[in-house]
Amino acid sequence: MSDTTTVAGARKSVAGARESVAGERLTLGQARRLALAAQGLHRERPERPAAVTARHLQQVVDRLGVLQIDSVNVFARAHLMPLYSRLGPYDPAVLDRAAGRAPRRLVESWAHQASFIRTEDYRLFDWRRRDYESQAWGAIREVPRTHGPVVDDVLVMLADEGPLTGAQVHERLQHEHPGRGVNWGWNWTVAKRVLEYLFFTGQVTSAGRNGAFERRYDLVERVLPAPVLAAPEPPRADAVRALVAASVRALGIGTLRDVADYYRLGTSETAVALAQLVEDGEAVAVDVPGWGDGRAWRHRDAPPVPRHARGRALLSPFDPLVWERRRVESLFGLRYRIEIYVPEPQRVWGYYVLPFLLGEHLAALVDLKADRQSGVLRVHAAHTAPPSGVTAGGVPPADVVARELASELRLAARWTGLGDVLVGDRSGEPRGDLAVELGRALADSSC
């Protein structure tokens, strides 16, 4: 049977599954609130009499499945923010211990992108590691051909000395490989290329990060718990099905594109897995008029649809709620992208912009900068989200948004060890239609 026939048959099965549950129907607002509930963002964060613990962290990771890692540290690192958004202020050392000390609860892997995942999910990505020639990018795929002997040298080095950072491995290799290569904007040393190949293919992993957030590479057998190492590699179809089920559960409700994107799976194999999950009753097809072609899926164990959403949170650009930008536009009516690589004159919202969730709306966008030298949190720009037919009639007025945002910014500043919150761009001028109102709200809250 050809691949085309297989995919067509899978999509026919999915369409048939939708028809078999005719009558399950959600409005776009209900789908939006279900997505928030599944992500743990539909209600106010609880007041905690004591510090956030490893158990609290595990509950969030179990819900989300993945914490995307990104090196940008303009405000707070990407993997720290989803936990803060759902738990409130916490000590990042809790996460460091979970990923850096045995027995590890978290381990790094290529999942959505480079991510922290639960150690028990590590083997679900074995097929991606093995199939690196189609799954990885060129700088990784080429390593066995261009630097084969160095791969062996680095494995021996880590076995003898690990864990080591990329800089430490480069130091040991630079007498033979002093230069750097350029590939798609990355100025990687040979050591870095080889380490990333070994990491992608699962021959090494991260034993934790140092104070500069550099990976400390080590052999997988010295990092992963023994039960994970002893587990057999699951067949690719079984692994993909498990990942699709986890995606639907984490999303609450999602289109085929949403579900496939969560762990960066192909839409064809995601369609096959969805058809199987529907047939087995683990996933349910739902009609959502006004959302793409109206086809979506939820997990059978999805939480009830809340009648109201009352959460409040700053969200990282890499938060699972907003990382798929087309989903954000469909569900929340907000056209949003991270503009780090956009030339400054062409930016719409700013350099490093965080959406502000209020209730069931992404009500504002703030361009934040943690000025650690001055000890202040700077709001370079603050904008209200533009009106949208998707969320018409429910977005709070600007003064309410500003007041709630001011409270959230003060909390975030304390969490990151900063003092005051100042509104203004580099010249001190307020930028964005919410900036003046936000400055007023911050002034009122400091009285």
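## The E1-E3-E2 sheet

Three strands make up an open sheet, ordered E1-E3-E2, and they pair in the antiparallel sense. The strands on the edges are E1 (66-68) and E2 (106-110), each of which pairs on one side only. Ignoring direction, neighbouring strands here are turned by 30 degrees against each other on average. Keep in mind throughout that this is a predicted model.

Zooming in on one pairing, E1 and E3 (residues 114-118) run antiparallel and are joined by three bridges. Within that pairing, Val66 sits opposite Ile117 of E3. There's a helix on this sheet too: H3 (residues 54-64) lies across E1, E2 and E3, and runs at about 90 degrees to E1.

## The E8-E10-E9 sheet

Now for another open sheet of three strands, this one in the order E8-E10-E9 and again with antiparallel pairing.

E8 pairs with E10 (residues 295-299) over two bridges, in the antiparallel sense. Ile253 stands opposite Arg298 of E10, and Gly254 stands opposite Trp297 of E10. On the E9 side, E9 and E10 are antiparallel and share five bridges. Trp297 turns up here as well, as the bridge partner of Ala285. As for burial, four of the five residues of E10 are buried, so E10 is largely enclosed by the rest of the structure.

## Helix H14

H14 covers residues 236-251, which makes 16 residues. Its span from first C-alpha to last is 22 Å, close to the 22 Å expected at 1.5 Å a residue.

Which residues of H14 are buried? They are Ala239, Val240, Leu243, Val244, Ala245, Ser247, Val248, Ala250 and Leu251.

## Helix H18

H18 runs over residues 398-415 and has 18 residues. It reaches 25 Å between its first and last C-alpha atoms, close to the 26 Å expected at 1.5 Å a residue. Just beyond the helix, Gly417 has a positive phi of about 75 degrees.

The buried residues of H18 include Val401, Ala402, Leu405, Ala406, Leu409, Leu411, Ala412, Ala413 and Trp415. Also among the buried ones are Glu408 and Arg410.

## Salt bridges

How many salt bridges does the structure hold? The count is 34. One of them brings the side chains of Glu360 and Arg33 together, at 3.3 Å from N to O. This pair links distant parts of the chain: Glu360 is in the loop between E12 (353-358) and E13 (361-371), while Arg33 is in H2 (residues 28-38), 327 residues apart. What about burial? Glu360 has a relative accessible area of 14%, so with a cut-off of under 20% it counts as buried. Arg33 is buried as well, at 14% relative accessibility.

Here's where Glu408 returns. Its side chain meets that of Arg45 in a salt bridge of 2.8 Å, N to O. Glu408 belongs to H18 and Arg45 to the loop between H2 and H3, so this pair ties together parts 363 residues apart in sequence. Glu408 and Arg45 are both buried.

A further salt bridge joins Arg378 and Asp371, with the closest N and O atoms 2.8 Å apart. Is Arg378 buried or partly exposed? Its relative accessible area is 26%, so Arg378 falls in the partly exposed class, which lies between 20% and 50%. Asp371, at 16%, is buried. Finally, there's a network of salt bridges that links Glu108, Lys192, Glu196, Arg209 and Arg215.

Notes. Residues are numbered from 1 along each chain as its sequence is written. This is a predicted model: local features need pLDDT of at least 70, side-chain atom pairs count only at pLDDT 80 or more; totals for chains, interfaces and linings use all residues. Side-chain values use heavy atoms; hydrogens and water are left out. The expected span of a helix is 1.5 Å times one less than its number of residues. Buried means under 20% relative accessible area, exposed over 50%, partly exposed in between (1.4 Å probe, protein chains only). Two strands pair if DSSP finds at least two bridges between them. Axes are lines fitted to C-alpha atoms, for helices over the stretch in contact, and angles run from 0 to 180 degrees between N-to-C directions. Contact means heavy atoms within 4.5 Å. A salt bridge is a side-chain nitrogen of Lys or Arg within 4 Å of a carboxyl oxygen of Asp or Glu.
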